[in-house]
Amino acid sequence: MSDPQQQAIDGVIERRYSCRAYLPDEVPRATIEAILKVAARAPSGTNTQPWKVRVLTGERKTRLSAKIVAAFDDPEEAATHAECYPYYPSQWVSPYIDRRRKVGFDLYKLLGIQKGDAGRMHRQHARNFEFFGAPVGLVFTIDKLMEQGSWLDYGMFLQNVMLAAKARGLDTCPQAAFVQFHRILREELAIPEAETVVCAMALGHADPDAPENALRTERAPLEEWVRFED
């Protein structure tokens with residue numbers, strides 16, 4: 001018989017997904033603080049705790065989103081913005097490209113976006129910069145002097161944020177899309193040059209009627225990526 005604590009933890013992990021549509025309901029500041037406080041229990045090499053977080057709500061979030069969407073919608077302006085670090089590989093190979101394509105096809109199918117409909121695809125991508133309508137946007141940065149090990153630590157912290165939110169009935173979506181517009185983030189949020197933008201994240205109550213929130217991505221079976229050495 002399964003242990004109740006194990007069931008609870010496994011359940012939170014399994015129910016987490018990237019939520020792409022939110023209700024406007026506000027999230028109390030005390031709840032956000034509680035999520036970040038428990039997430040900071042993530043391990044980090046020699047307890048360096050490399051994470052830095054900016055929490056955006058209300059007009060502050062709306063103004064930032066409007067500036068980034070305006071830049072994204074202007075082809076000439078968008079071309080002047082580039083990622084501050086390469087999130088994806090420069091060359092795509094199987095099985096990674098296959099998984100990438102499938103999640104895109106599955107999302108667009110739920111939204112009724114046909115292949116080749118560049119206008120609707122562009123608009124859907126722009127939703128990233130509006131935090132998909134979530135009432136809370138989180139922006140994560142790290143000091144540039146920190147090395148690869150600290151980025152591994154950061155990933156564990158981000159996962160903790162998402163699981164702590166899910167345990168409280170909230171949903172999230174980690175968003176690397178913001179990295180392209182790190183200059184705007186830097187200007188709007190007074191992020192010093194000594195810090196690198198890691199990603200952003202939407203946080204709020206999922207819209208149960210939004211078709212895109214029915215998307216659940218698949219996971220490869222263990223035999224594809226695990227080797228037991230006896």
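Tutor: This is a predicted model, so every value here is computed from predicted coordinates. Start with the axes of helix 1 and helix 7. They come within 9 Å and cross at roughly 105°. Angles of 65 to 115 degrees count as roughly perpendicular. Helix 1 and helix 7 are therefore roughly perpendicular to each other.

Now the residues that touch. Helix 1 brings Val12, Ile13 and Arg15. Helix 7 brings Leu163, Lys166 and Ala167 to meet them. By class, the contact has four nonpolar residues, two charged ones and no polar ones.

Next, the open space. Rolling a probe the size of a water molecule over the atoms shows where empty space is left. The second largest pocket holds about 160 Å³. Which helices supply at least two residues each to its lining? They are helix 1, spanning 4-15, helix 2, spanning 29-39, and helix 7, spanning 148-167. Helix 7 gives the most, with four residues. The lining includes Val12 and Ile13, which also take part in the contact from the helix 1 side. Leu163 and Ala167 line the pocket too, and both belong to the helix 7 side of the contact.

Two backbone details come next. Most residues other than glycine have a negative phi, and most peptide bonds are trans. Threonine 46 has a positive phi, near 50°. Threonine 46 sits in the loop between helix 2 and strand 1. The peptide bond from serine 94 to proline 95 is cis, with omega near 10°. Proline 95 lies in the loop between helix 4 and helix 5.

Last, the aromatic rings. The count comes to 12 aromatic pairs. Take phenylalanine 129 with phenylalanine 178. Their ring centres are 5.5 Å apart and their planes stand at 85°, so the pair is edge-to-face. Phenylalanine 129 is in the loop between helix 6 and strand 2, and phenylalanine 178 is in the loop between strand 3 and helix 8, so the pair ties together parts that are 49 residues apart in sequence.

Back to the part you asked about. Helix 1 and helix 7 meet through Val12, Ile13 and Arg15 on one side and Leu163, Lys166 and Ala167 on the other. Both helices also supply lining to the second largest pocket, as does helix 2.

Terms used
Residues are numbered from 1 along each chain as its sequence is written. This is a predicted model: local features need pLDDT of at least 70, side-chain atom pairs count only at pLDDT 80 or more; totals for chains, interfaces and linings use all residues. Side-chain values use heavy atoms; hydrogens and water are left out. On a 1 Å grid over the protein atoms alone, a cavity is a set of points where a 1.4 Å probe fits but cannot get out, and a pocket is an open set with protein on both sides within 12 Å along at least five of seven lines; lining residues have an atom within 4 Å of a point. Grid points are joined across faces, edges and corners, and a volume is the space filled by probe spheres set on the points. Axes are lines fitted to C-alpha atoms, for helices over the stretch in contact, and angles run from 0 to 180 degrees between N-to-C directions. Angles under 35 degrees count as roughly parallel, over 145 as roughly antiparallel, 65 to 115 as roughly perpendicular and the rest as oblique. Contact means heavy atoms within 4.5 Å. Ala, Val, Leu, Ile, Met, Phe, Trp, Tyr, Cys and Pro count as nonpolar, Asp, Glu, Lys and Arg as charged, and the others, Gly among them, as polar. Rings of Phe, Tyr and Trp (its six-membered ring) pair if their centres lie within 6.5 Å; planes under 30 degrees apart count as stacked, over 60 as edge-to-face and the rest as tilted.
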